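Please read the following report alongside the sequence and the coordinates.

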Amino acid sequence: MPAIIPLKQGNLHINWQKELGQAFTSPEQLLGYLKIDAAPWQAGFAARRLFPMRVPRPFADKMVKGDANDPLLRQVLPLGDEFADVPGFVTDPLDEHDSALPGLLHKYRSRVLLVVRGGCAINCRYCFRRHFPYAENSPDQAGWQAALAYIAAHPEINEVILSGGDPLMAKDNHLAHLFAELSAIPHLKRLRIHTRLPVVIPARLTDGLRELLSNSRLQAVMVLHINHANELDDDLSQRLNSWRQAGITLLNQSVLLAGVNDDADTLCALSERLFSAGILPYYLHQLDKVAGAAHFAVSDAKAKALMAELLAELPGFLVPKLVREIGGEANKTPIDLGLEPTQS
């Protein structure tokens with residue numbers, strides 16, 4: 001039985017769950033909080049039937065009051081556009097609905113993904129898993145043991161990615177047990193956590209969780225999902241600084257979203273803000289074509305033009321890779337920017 005590292009319990013652990021319970025679930029309440037007239041947007045609120053709304057208050061506090069076009073608000077406000085039936089936009093854009101085992105996706109040879117929790121702290125309207133069958137991928141204790149046995153039986157796997165939903169929706173004591181089980185599998189080298197929860201509720205970065213990761217024999221990587229510089233305020237930056245000092249690698253991946261971050265100045269500001277907080281830009285994703293999110297799509301031609309501007313403006317280490325995920329492919333696919341000069 002692997003050793004479980006004792007947790008430090010503190011008020012922060014309680015606070016993030018309290019913040020979760022106080023999240024906005026009604027567009028009218030959120031717009032009222034932001035002092036925005038709901039009338040022009042009312043017709044689109046029925047999109048909550050397609051995908052529920054959930055917006056924690058700390059994230060709403062980063063929005064500009066009175067601005068109906070705020071880039072953070074645009075990511076979470078249900079709109080009538082979600083009812084559009086657009087060719088090519090489907091419920092399972094990455095062919096994930098058939099998993100190796102309940103809660104375990106083995107898409108890449110050396111990495112597996114564990115769906116630790118189906119829920120998220122925030123429901124982004126462009127989420128590529130908005131139709132994912134989480135109910136079929138919520139293993140019980142026996143299911144978790146089967147997933148761990150699968151990993152142990154595949155020595156080619158050296159990295160486990162915790163995803164969801166959001167894996168940090170799990171309580172620290174559950175994560176402590178999972179980390180201990182994973183660290184006992186000798187061929188694993190890294191543990192990667194993909195999360196947006198600290199961005200929307202910074203109090204989720206508890207001291208106990210940080211110590212769990214920093215004390216693990218596995219190299220810990222946390223990949224944050226930040227799409228706009230306004231999401232990264234001083235509070236979050238200061239909390240992340242202690243994680244970086246604890247030896248936890250911090251990366252960021254963004255999604256290129258129309259009306260949110262589809263201009264060069266916004267993307268440059270994001271990279272600069274990330275680096276000032278000790279986070280390296282990692283990927284800039286083209287939108288996964290999930291049904292209900294077509295209004296966020298940016299053309300490849302515009303994406304390539306934006307990347308050319310970033311390369312001209314930023315040092316190379318601050319330019320994220322522009323990629324697309326294609327269901328069934330063995331890795332994310334870099335998008336050819338077509339910038340190489342023609343050889344004579």
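## Basis of the report

This is a predicted model, in which local features need pLDDT of at least 70 and side-chain atom pairs count only at pLDDT 80 or more, while totals for chains, interfaces and linings use all residues. Residues are numbered from 1 along each chain as its sequence is written, and side-chain values use heavy atoms, with hydrogens and water left out.

## The sheet and its edges

An open sheet with mixed pairing is formed by 9 strands in the order β1-β2-β3-β4-β5-β6-β7-β8-β9. Its edge strands are β1 and β9 (333–334), each of which pairs on one side only. Strands here are DSSP runs of E with at least two residues, helices are runs of H or I with at least four residues, and both are numbered from the N terminus; two strands pair if DSSP finds at least two bridges between them.

## Strands β5 and β6

Strand β5 (residues 219–225) pairs with β6 in the parallel sense over 5 bridges, and V221 stands opposite T249 in β6. Strand β6 (residues 249–255) is largely enclosed by the rest of the structure, because 6 of its 7 residues are buried (buried means under 20% relative accessible area, exposed over 50%, and partly exposed in between, with a 1.4 Å probe and protein chains only).

## A negative surface patch

D263, D265, E272, E309 and E313 form a negative surface patch, to which α10 (264–276) and α11 (300–313) each supply at least two residues. Patch residues have over 30% relative accessible area and no salt bridge, and like charges are joined within 9 Å; a salt bridge is a side-chain nitrogen of Lys or Arg within 4 Å of a carboxyl oxygen of Asp or Glu. Within this group, E313 lies in helix α11 and is exposed, with a relative accessible area of 58%.

## A buried loop residue

L34 lies in the loop between α2 (27–33) and α3 (57–60), and L34 is buried, with a relative accessible area of 0%. The C-alpha atoms of L34 and D67 are separated by 7.9 Å, although these residues are 33 residues apart along the chain.

Note on methods
Patches are made of residues with over 30% relative accessible area and no salt bridge: like charges are joined within 9 Å, nonpolar side chains (Val, Leu, Ile, Met, Phe, Trp, Tyr) within 5 Å. Accessible areas come from the Shrake-Rupley method with a 1.4 Å probe; for residues, only the protein chains shown count as cover. Lys and Arg count as positive and Asp and Glu as negative; His and the chain ends are not counted. The place of a charge is taken as NZ of Lys, CZ of Arg, CG of Asp or CD of Glu.
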